[in-house]
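Subject: Structure handover

Hello,

Here is the structure I promised to pass on. Please open it first, then read my notes below.

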Amino acid sequence: MERRITVNLRRHFAIAAGIFASAAVGCVGVVSPGEDTNPGRTGDPGDPGDPGNPNTQFAVNCPSNTPVPPLAVPLQRLNDLQYSNIVGQLFGGQVTVKAAFPPPLTGYLYSTYSGANPMGEAQTQAALEAAEAVAIQVADIVPACSMVSAETSCASTYLKDLATRAFRSPATAADMTTILAAYSAARPKLSYAESVAVGVETILQMPRFLYVMENQPTAPGEAATTLTGLELAQRMALLYWNALPDQALLDAAQSGGLANASDRLSQAQRMLQDPRAHAAISDFLLQWMKVKDFHADTHSAEIQAALDEEMRRDIDHALAADNGLDDLIASRQTSVNSVLEKFYGLPSQSAGPTDWRVADMDAEQRVGILTHPLLMAKFAHGKTPSPILRGKFVRVMLMCDDLSGPPPGAQAMQDDLTPAGATVQEQSQARLDSASCGACHKMMDPIGFGFSAFDGVGKYLPTAGGQAVDVSGHIESTSDLGGDFSGARELGDRLAKSAKVQACLSAQWMRYAFGAKEAPADACSVQALATRFGQENHSLNALFAGLSALDSFAQRRAVAEGSP
Amino acid sequence: MSVSSKVATRRNFLRAASGAALALPLLEGRRGFAQSAASVPTRLVIYQTGEGNLQKRWTPTAMPGDALQLSEMLQPLLAHQKKLLVLSGVSNKVARLHSSNCHNAAGHTLMTSSLIDSTGTGRFDAKVMVDSGSLCLGPSIDAYLADQLKIPAPINLAVGNSSPAENQMFYKMKPSGSAGANPVAPLSNDPIKTFKTYLAGLPAGTTPTPPPATRADRFQAQRTSVLDQVWTSFKSLNANVGKADSLRLQAHADATRAIEQKSSYVVPATCGGQTQAVPANWTQPRSPGFVGADVQANLMIDVMAGILACGANRVITLQDTLYDEARFEFLPVGPVSGWHAQVHNDPALKLGYASNNDNPTLKAGFLYYAGVFNRLLSKMDAVVEPNGMTMLDNSLVLWISEFGTGQNHSMTNLPVVLAGGLQGKVKMNRYLDRPSATLGDLYTSILNAFGIPATSFGHNDGAGFNNGVISGLVS
């Protein structure tokens, strides 16, 4: 790496070094030092039970002439969108696909985490029913076999071709034995086409279809394996498109082109231009902002729908502008329709719910997605705003610092601190003043104070009782973010320019893409990606594409035991 | 005809029992049916119960013109009297040639009328005791008929046990010199499995009356098979992934297996206007007690009727193997303890009854068997076939037992009831008493009724084991 992100290169990355950097903080209830012991759930705001490191830094001494270690990628299972897209591709869009799996388990940082996608009986049953529903439709489009005596041969040819495409790699003799056994068992009772479809149903439930299979070392410490062209094509197509590779990608894979980082980069850039990339990138950003599929029950359906659409448009706008985090978490513009004009108290210019316009808003009111009403409502308890959750969100999702969950009995401790009827502010102050609570809460609450002008449903209320609401806050940090600030605008501007946040975003994208939190050995991969992000003027697209260009992307090492 | 010429030749039997024939019963069954689509197929169904019957109460009173007047033990069959022929006097002489505990020889020879390989070397020896696993040297009537008709091997079903045991009748036939051959017909006591094997997901257009199964039904019926293959496919994968991922795949494979094993959906089959279905949560009666043997028997009969009506097979036997442990816990006299011993102790003096056959437990038990047989006949009579006759009319149904009187293990005067008439080949609503008839004669008659010109069946050394077709039995 020729250049590094700017901050704190030396002190860095306590996690990577295995040093417990938060010792000085003295948080109550901090659990074990070093690596997280609650894999997969690290840093989920509002989700207790994680040991913390409140001063994570993404960079270590990663000399540019030293190979970056490969990544450990847990076995990933296709998600609903991937399943649906791939089935659509396999059958030329002639079948409709229902949801293949129940929703991912919550409580994980990203829905892509393997722990969020177990295959217990409920999920396996759902996959069975989805495959069966597909097969029932496929029975109508199976090509006829010219001769009865050739049926087994016809079925074998058709199913082998299909399995090879479905598996993203050639179907083996063992695969075909399995698939044809299901076909043969059905044939005495079902028609030829139906029996072939039973073979299809089998393919759609086989692990080679449902999981992203890559050759890998089987034990930690074994030499890393280099991904084949087809494996690289599979990774990229599933990441950017949630789909099978297209011909151009397959051609590149076959010709060995994907082994080269710059060729992977140009493929990734091409793929990001494709509309199919939008779903993946939006999904990541919505999950990063913790508002994916979030519905505030405090809003009417009409307002909820308008807010969802506004969020979608905000993200699209930021991706189109591609000016780093500025538009995403610091823009003062947003999109409104008639519903939101009323919600925000803007002049009525929209003709109705479907008539959207870009509106310039009060700079304090609109700080990109950060002050979007959905996000504000997400970090609230009902209609009561929570400076803890708002601060923890910034700390964990934007700064990538780890925080421990509340200690046992935290609520009772709070009750002892303040009398019944205390305000939110009074409760916070009491926590911060308490020796046992303050050590950790000073990492969260003072950041959350910056959002005090937003109520629990996300309404902007800058004054209360004729007085301006106190929005002064503080970021306790040794990074470029540390220090006092006033209000969400100053906070957002500071976050958008922060190298720490940019590095954090790089890490978050990797976590999302690989479905796991980085291991200590991945620190230099994170840094390499963050560096590329910086070199490209913090272009979001450069960040998203840059992941594929990492040397470590083209290899994999064994997944440690117990990984999520 | 003699053993050495055409009757019961082992080569013929082997062909019927070869792996291919057994592996594809349904496929061949459909083809066999299609070939005879112009005429309605005939069927042979055999119901076997143990321990004979209560002779005094079972034997009908002789009436002028062979008219049938149903006896006390046959009263449950009253509704079908016009489709019944009761035959008394038939003896199993072959069994008497053997050294046996009196159950094994009688049971093993009942369907074969054949000598038993008591030595285990393919050779009969009168001095060597027949044990529970001994095989016969010739085929059973059901297997032989199927072979002669060039239709799939019979389906052999059981109430109670299906494992080889004492008195496990007539399903073991060992062609001599057939190294490696497995001559033991598979005996199933699982009606659900039988249903799935022969009926689940049967497509429209292959049966007398197409079942209404939808495509969704047919696919659902394949789930067990599909999941089994999916489960298999996990096994070859684990070597290629690390331990943590391997554990995840193992959990997935386990879930697949669990669902497969729980998968109990069985598509109902409708043929001949009758819908046959089996319950999802049925459990197999098990020793001791065999609780629920009545439910098992009823399910078996439903499945048999379905298989026959849908054309999946034309020859089926059902054996109640609980000759020893029958509990009849579902009867007012139940649960019965020591059914076998009570049969042996039937003479009145031992139990204090006024005359033989007065034991109400024995009466109830044997009447129950008649009721089961009646249920089978009713099921078959409910199916109207394209020739305007019922499936019962188009079939020959035999109810027989290995003893005449269970108390003394007599192998004379076996209780024989024939039903259906086989499209008029056997005139019904009659009682025939044929004291000189043998088991071989009975089966020779059945073969002739099916159009097979046999003159003997089973062991035939000229010493009275075969007399040909029983007088007046076949038209």
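This is a predicted model. I start with chain B.

The secondary structure of chain B consists of 15 helices and twelve strands. Chain B has 475 residues, and 56% of them are buried. Take the contacts in chain B with a separation of 6 or more: 72% of them join residues 24 or more positions apart.

Next, the interface. On chain A, 43 residues are in contact with 36 residues of chain B. Three helices of chain A each supply at least two residues of the side that touches chain B: H3 (121–138), H5 (173–186) and H6 (192–203). That side of chain A has 23 nonpolar, 13 polar and seven charged residues.

The axes of H3(A) and H6(A) come within 8 Å and cross at roughly 150 degrees. An angle over 145 degrees counts as roughly antiparallel, so H3(A) is roughly antiparallel to H6(A). The crossing is right-handed. From H3(A), the residues involved are Ala131(A), Glu132(A), Val134(A), Ala135(A) and Val138(A); from H6(A), they are Ala197(A), Val198(A), Val200(A) and Glu201(A). By class, this contact has seven nonpolar, no polar and two charged residues.

Last, look at H22 of chain A, residues 499–514. Its 16 residues reach 23 Å from first C-alpha to last, close to the 22 Å expected. Is H22(A) buried or exposed? 16 of its 16 residues are buried, so H22(A) is largely enclosed by the rest of the structure. Just after H22(A) comes Gly515(A), with a positive phi of about 65 degrees.

Best wishes

Conventions: Residues are numbered from 1 along each chain as its sequence is written. Chains are lettered from A and ligands numbered from 1 in the order in which they are written. This is a predicted model: local features need pLDDT of at least 70, side-chain atom pairs count only at pLDDT 80 or more; totals for chains, interfaces and linings use all residues. Two residues are in contact if their C-beta atoms, placed from the backbone, lie within 7 Å. Helices (H or I, at least four residues) and strands (E, at least two) are DSSP runs, numbered from the N terminus. Ala, Val, Leu, Ile, Met, Phe, Trp, Tyr, Cys and Pro count as nonpolar, Asp, Glu, Lys and Arg as charged, and the others, Gly among them, as polar. A residue is buried if 20 or more other C-beta atoms lie within 10 Å of its own, exposed if 12 or fewer, and partly exposed in between; C-beta atoms are placed from the backbone. The expected span of a helix is 1.5 Å times one less than its number of residues. Axes are lines fitted to C-alpha atoms, for helices over the stretch in contact, and angles run from 0 to 180 degrees between N-to-C directions. Angles under 35 degrees count as roughly parallel, over 145 as roughly antiparallel, 65 to 115 as roughly perpendicular and the rest as oblique. A crossing is left-handed if the near helix is turned anticlockwise from the far one by less than a right angle, and right-handed if clockwise.
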